[in-house]
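Q: Before we look at any single feature, could you take me through this model step by step, giving the general idea each time and then the case at hand?

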Amino acid sequence: MLKICLDATPIREKPSGVGVYTLNLIKALDQLQESENFELDIYFQPTFKNWLSKNFSPNTLIKTYSPHCLPIPVTVTNALMKFPNPLLAYFARSLDRPDVVQGTDHFVYPNPTSRNIMTIHDLTFVEYPDYVPAIVKTYLDRIKNCLKFTDAIITFSENTKRDLVELLKIDPNKIYVTYQASRYHSDYLTEQQIEEIKSTVSYDFTKLYFLFVSTLEPRKNVIGLIQAFNYLKQHYKIEHQLVLIGQTGWKYQPILKAINQSPYRSDIHHLNYLTDDLVALFYTQAEAFIYPSFYEGFGLPVLEAMTLGAPVITSNTSSLPEITEDAALLINPNDSMELAEAMVSLISDRILRDNLIIKGKEQASKFSWEKTAQATLNVYRSIM
């Protein structure tokens, strides 16, 4: 029986981005174990802080899977990989001799007795190094270290695969695309649930709003969205609000400054991290979902919005046209006026809006975590 060990290190108590992918993949693979005749184990490496304090306990989201603890942080592992080190094989014993190890965050542990797969979500740190913090800038060296013993690479769009081939000169035959999926299904919330959840939120849902969901950081182009919103408020006197849902990431201060300096500050709401149900509620009630990101390896919030019936405006760059096809309005993220024009055309044309909702749901239905898990399992089998 094929034995898989998957890295759950990126999963935090409040998962986002890589953590959301990893957690949903684990859940979906877990459901396939019996029917597909393989065994799934998971492992995690402690944070540097927890390692220093000798805290090797898994968080609550992965505890139910009885994960193995590989008792050194990724930063230490990466340092040890730079030269032959028997300690790496010693620590690998805690993985219990799997056939395949999948690293899920631009890294895979150098397990000497297995096939090793590295997951690369995007190449922002190569394409747009000014948009990432110092720790992410080290990913390129980390990836190059891992490529020495990596048997396959998983990524999430054909666009990112092309980037990997062109920018890192990786053999395309080693790269596999396994599309991600939404946390939600199309009928995630019933009308009764929507009304019940509304009653727990202080936001006034009688006011129309544009929605953005993601970490607040430079790559997401939130300032460009705020500029477009300001323009519409000034020149079109729209009644809409702007709702920004997401934790503050790297270099978020200019974004908060743009919010505070907006003449329409009272109509802009930053709600920080919300539960899955609350995020779903805001998707379902949005007049439109706006995601003008400069670069994405997949663009999961766009898929979530389409799944839950929000018409989408997003960028015409990187993976986003591949994920949306003709189910969204695509704009140049470097042109806030083009974004503003798309926003006003969507809210003034109900037929366009309704067509985008229908197309969005149809497009989103092509993706599921079961398909992601099955495609990932196929990668495992292909390298054995």
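**Reading the model feature by feature**

Q: Where is the place of serine 114?
A: Serine 114 sits in the loop between β4 (100–103) and β5 (115–119), where helices (H or I, at least four residues) and strands (E, at least two) are DSSP runs numbered from the N terminus. The model is a predicted one, in which local features need pLDDT of at least 70 and side-chain atom pairs count only at pLDDT 80 or more, while totals for chains, interfaces and linings use all residues. Residues are numbered from 1 along each chain as its sequence is written, and side-chain values use heavy atoms, with hydrogens and water left out.

Q: Does serine 114 count as buried or exposed?
A: Buried means under 20% relative accessible area, exposed over 50%, and partly exposed in between (1.4 Å probe, protein chains only); serine 114 has 12% relative accessibility, so it counts as buried.

Q: Which side chains does serine 114 join by a polar contact?
A: A polar contact is a pair of N or O atoms within 3.5 Å; within protein, one must be able to donate a hydrogen and the other to accept it, and residues adjacent in sequence count only if both atoms are side-chain atoms. The side chain of serine 114 makes one of 2.8 Å with that of asparagine 111 and one of 3.0 Å with that of asparagine 116. Contact in general means heavy atoms within 4.5 Å, and, leaving aside neighbours within four places in sequence, serine 114 is in contact with Pro98, Asp99, Val100, Val101 and Asp151.

Q: In what order do the six strands of the open sheet stand?
A: Two strands pair if DSSP finds at least two bridges between them, and here the order is β10-β9-β8-β11-β12-β13, with parallel pairing. Because β10 (268–272) and β13 (329–331) stand at the edges with a single partner strand each, one side of each is left without a neighbour in the sheet. From one strand to the next the twist averages 25 degrees, angles running from 0 to 180 degrees between N-to-C directions of axes that are lines fitted to C-alpha atoms, for helices over the stretch in contact. Within this sheet, β8 (residues 209–213) and β9 (residues 241–245) run parallel and are joined by five bridges, and valine 213 has isoleucine 245 as its bridge partner in β9.

Q: What does isoleucine 331 touch?
A: Isoleucine 331 belongs to strand β13 and is buried, with a relative accessible area of 2%. Not counting residues up to four places away in sequence, isoleucine 331 touches Pro292, Ile313, Thr314, Ser315, Asn316, Glu338, Leu339 and Ala342.

Q: Which strands does helix α14 lie across?
A: Helix α14 (residues 300–307) lies across β8, β11 (288–291) and β12 (312–315), and runs at about 170 degrees to β11.

Q: Which elements do the buried residues of α13 pack against?
A: An α-helix has 3.6 residues a turn, so residues three or four places apart point the same way. In helix α13 (residues 276–285), the buried residues are Leu278, Val279, Ala280, Leu281, Phe282 and Tyr283, and they pack against α10 (191–198), β8, β9, β10, β11 and α14.

Q: How many residues of strand β2 are buried?
A: Strand β2 (residues 38–44) is mostly covered, with six of its seven residues buried. Six bridges join β2 to β1 (residues 2–7), and the two run parallel; aspartate 7 has tyrosine 43 as its bridge partner in β2.
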